[in-house]
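Dear colleague,

Please find below the structure that I am handing over to you. My findings follow it.

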Amino acid sequence: MWNLHAITTLLFLLVQHTLSSSPTKNLILPLKTQIPSNKLPFRHNVTLTVSLTVGSPPQNVTMVLDTGSELSWLHCKKAPKLNSIFNPSSSSSYSPVPCSSPVCRTRTRDFPIPVSCDPNKHCHATISYADASSIEGNLASETFQIGSSARPGTVFGCMDSGFSSNSEEDSKTTGLIGMNRGSLSFVSQMGFPKFSYCISGRDSSGVLLFGETNLAWLGPLKYTPMVQISDPLPYFDRVAYTVQLDGIKVSGKLLPLPKSVFVPDHTGAGQTIVDSGTQFTFLLGPVYTALRNEFLNQTKRLIRVLEDPDFVFQGAMDLCYQIPPSRRSFSDLPTVSLAFNGAEMSVSGETLMYRVPGMMKGQDSVYCFTFGNSDLLGIESFVIGHHHQQNVWVEFDLVKSRMGFAQVRCDLASQRLGSSL
């Protein structure tokens, strides 16, 4: 178990949105990154956190930003190992959502677990994660303060039982901000037309921006449409940020796979999700096997495979290597490119490998290939995690239902936005 520790580099959260009749203005909040633990709680990894105030009078909270979740929630009950909670009884603007409310009856339709009615006739929600952890409590409305702009009536979950399987992550934050396309997500309730982020692989700095990205120094974005299926299917997440993966190339060589393997089937299994709450990228079995074999073939004279069939990093990453101390970089490894309809995301150099902390083979360090097998996690989808989004400007355009990508030095983007405001 590695210790979770915060990197103290401050990032900038830039908010561009009119929350009242006042003119649009830029608001900056400090944003921090945290190193995830070696567990892989799908869609629940601590990656980016932001400090807000909630309630009347305001209480300070720290929340994880997660594009793979809908409901924002806060811990509302004191418990061992929880350093930060929100106390609803101290807020005059806190209001539980009744079961009879349209919010409870209709706007929770995309929750994975249906809401219920508690003995007080309050709307009760349960959120579960693929690592078997869960958290539950009542839906409520409250005033959320972003910079100098207040947003009363924001619906969130006031959670009073259940915890993440990783208590260290719980101890660092007060809750989570859901950023997917669901009716009750933070971005939907705030009415933002688009948002973007850029995560640096160089110094763990970065920027999250709500609103337009009219930045002269940012090159043109390549756009790919979001995939939408209106009919409910058992394995298709209708409110996730889904794009169409068309193929994968290794050093320019297209994997010999039919395009049909990347298309969701009649059950909805096989969608491609862009998720800031997951660390690495996971591919369905046949695609992962083809990529693994081609990467092995192209690197067999460059790096030494770890010969340990029983070792699988984080339960899904089974291609690992012994790296001697003399190797200073991975710039000679082949680039892996994810091809979408109209856009492409390239993974190269250091981003291809992740060092397994504390594991050595003699004098060699152990590194693993940063693509994993979805089948080993029981996930019926392709998931593009934040590790492969480093140094990529990622835009979520909710109005035009598309995603944009551009290669950029994200540490410089953060500096430019910070100095220009």
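Four strands form an open sheet in the order β20-β21-β25-β24, with antiparallel pairing. Strands here are DSSP runs (E, at least two residues), as are helices (H or I, at least four), both numbered from the N terminus; two strands pair if DSSP finds at least two bridges between them. The edge strands, β20 (304-305) and β24 (353-361), each pair on one side only. Helix α4 (residues 285-299) packs on this sheet and touches β20, β21, β24 and β25 (364-369). The direction of α4 makes about 25° with that of β21, where axes are lines fitted to C-alpha atoms, for helices over the stretch in contact, and angles run from 0 to 180 degrees between N-to-C directions. Two bridges join β20 to the antiparallel β21 (residues 320-323), and valine 305 stands opposite tyrosine 321 in β21.

The model is a predicted one, in which local features need pLDDT of at least 70 and side-chain atom pairs count only at pLDDT 80 or more, while totals for chains, interfaces and linings use all residues. Residues are numbered from 1 along each chain as its sequence is written, and side-chain values use heavy atoms, with hydrogens and water left out.

The protein chain has six helices and 29 strands. Of its 421 residues, 55% count as buried (under 20% relative accessible area, with exposed over 50% and partly exposed in between; 1.4 Å probe, protein chains only).

Cysteine 320 and cysteine 368 form one of them, with their sulfur atoms 2.0 Å apart. Cysteine 320 lies in β21 and cysteine 368 in β25, so this pair ties together parts that are 48 residues apart in sequence. Both cysteine 320 and cysteine 368 are buried.

Another disulfide joins cysteine 99 to cysteine 117 (S to S 2.0 Å). Its S-S torsion is about 115°, so the disulfide is right-handed. Cysteine 99 is buried, with a relative accessible area of 16%, whereas cysteine 117 is partly exposed, at 45%.

With kind regards

Note on methods: Contact = heavy atoms within 4.5 Å. Disulfide = S-S within 2.5 Å.
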